[in-house]
Amino acid sequence: MDADKSTLHLVKLSVGTDSVEGLADWQERRRAHWKAVEGRAIARHITRMTPRRGDAILAGSGSIYWVIKGFVQARQRILAFEPAPGAGGRPSCAILLDDALVRVVPRAHRPFQGWRYLRGEDAPADLPVDFAAEGDALPPRLAAELGELGLL
């Protein structure tokens, strides 16, 4: 199901990840860590700043769109924002995420630091299930070009 066009989202680089499968594997290992530490096996991303527009993101069932190898390639629904301990004891924010990684029509995206807000009307569409099967995914550059031509 495609994300609602009126919803506010976040976009974030997945640093050190080579593929959607790599991000899924990394998150699975982190879920196991959090299960051992606090008894909750939930995907999360720790960030230094709490989104000021977090209520708007949660109100519309917003997602975090992951930029992998220069392309927005997947999204995860954001479940909540929680305070979290950060590096050096500084307060940080945990973005709690749904386990499901939904592939989207890849879109080129330049590197940036932190996260950015993404309006629903600017968010890439979910890939059709036929194109999103693990191992059968099109290379991001090809999928992006097909999306620009209206073929995906």
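**A look inside the core**

Guide: Let's start with the layout: along the sequence, the protein chain runs β-α-β-α-β-β-β-β-β-α-α. Helices (H or I, at least four residues) and strands (E, at least two) are DSSP runs numbered from the N terminus. This is a predicted model, where local features need pLDDT of at least 70 and side-chain atom pairs count only at pLDDT 80 or more, while totals for chains, interfaces and linings use all residues. Residues are numbered from 1 along each chain as its sequence is written, and side-chain values use heavy atoms, leaving out hydrogens and water.

Now to the core itself. A nonpolar core is a set of buried Ala, Val, Leu, Ile, Met, Phe, Trp, Tyr and Cys residues joined through side-chain atoms within 4.5 Å; buried means under 20% relative accessible area, with a 1.4 Å probe and protein chains only. The largest one here has 16 residues, and Leu10, Ile78, Phe81, Ile95 and Leu97 touch the most other members. Strand 1 (8–13), helix 1 (20–38), strand 3 (63–68), strand 4 (71–85) and strand 5 (91–97) each supply at least two residues of this core.

Zoom in on Ile78: leaving aside residues up to four places away in sequence, its contacts (heavy atoms within 4.5 Å) include Leu10, Ile57, Ile64, Ile95 and Leu97. There's also a second, separate core of 9 residues, with Val11, Tyr65, Val104 and Ala123 among them. Across the protein chain, buried residues make up 39% of the 152 residues.

How values were computed
Buried means under 20% relative accessible area, exposed over 50%, partly exposed in between (1.4 Å probe, protein chains only).
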